[in-house]
Amino acid sequence: MSRSWLLQLSLLLTALLLEPVQSRHGCTDRCCSFLNKFPGRLKALRTSFATIRDYYEGKDDIETALLDDDMLSDFQSPFGCHAINDVLRFYLDTVLPTAIKEKDRKDYTYHIDNIGGIFNELKKEMLHCRNYFSCKKPFELDSIMTTYKKMQGQGLYKAMGELGLLFNYIEEYMMSLKPKH
């Protein structure tokens, strides 16, 4: 994925986040409120990731991507909530616990735990709001898991190094669900 495409996506998302406050806070429903509060959670994710990014990206020397344009398409599809749920489960069950166990970077535990906590919260709200998100059919995580396993020990660095991209995908999905006022 090109950096210019990510920059364009980032600019678009920034513009969405800067929309007038009254249009973002015009709901009382739990799921709508969750979407409105999501930019704050996303900022916390990005802050924690910024602290650990250089380490994981520096150790990632594999050209194959785990998170690609196909995943973004899955996130934008009618079954996007299933896709996000499965990817969150992959990070919560496989990637983040492996990162916590890394002996030489115990100083990153707080930031990894913070990302995990927010992912757990997001997963819980996605489950609660599944009707609000109008999920259509399940998402298959098999291709990501197969690629991750083929990368062996390097898969951790690839997955952790791509967290910023995952945040962008989740953000785009969440922003697409916000009511248009």
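A polar contact is a pair of N or O atoms within 3.5 Å, where, within protein, one atom must be able to donate a hydrogen and the other to accept it, and where residues adjacent in sequence count only if both atoms are side-chain atoms. This is a predicted model, in which local features need pLDDT of at least 70 and side-chain atom pairs count only at pLDDT 80 or more, while totals for chains, interfaces and linings use all residues. Residues are numbered from 1 along each chain as its sequence is written, and side-chain values use heavy atoms, with hydrogens and water left out.

The chain holds 9 helices and 0 strands, where helices (H or I, at least four residues) and strands (E, at least two) are DSSP runs numbered from the N terminus.

Helix α3 covers residues 30-59, and its N-terminal end is capped by Asp29, which has a side-chain oxygen 2.9 Å from the backbone nitrogen of Cys31. Further along, α3 has a kink of about 55°, centred on Ile52; the bend at a residue is the angle between axes fitted to the seven residues ending there and the seven starting there.

Glu102 lies in the loop between α5 (80-101) and α6 (109-128). Leaving aside residues up to four places away in sequence, Glu102 touches Tyr55, Tyr56, Leu156 and Tyr157, a contact being heavy atoms within 4.5 Å.

Terms used. Expected span 1.5 Å × (residues − 1).
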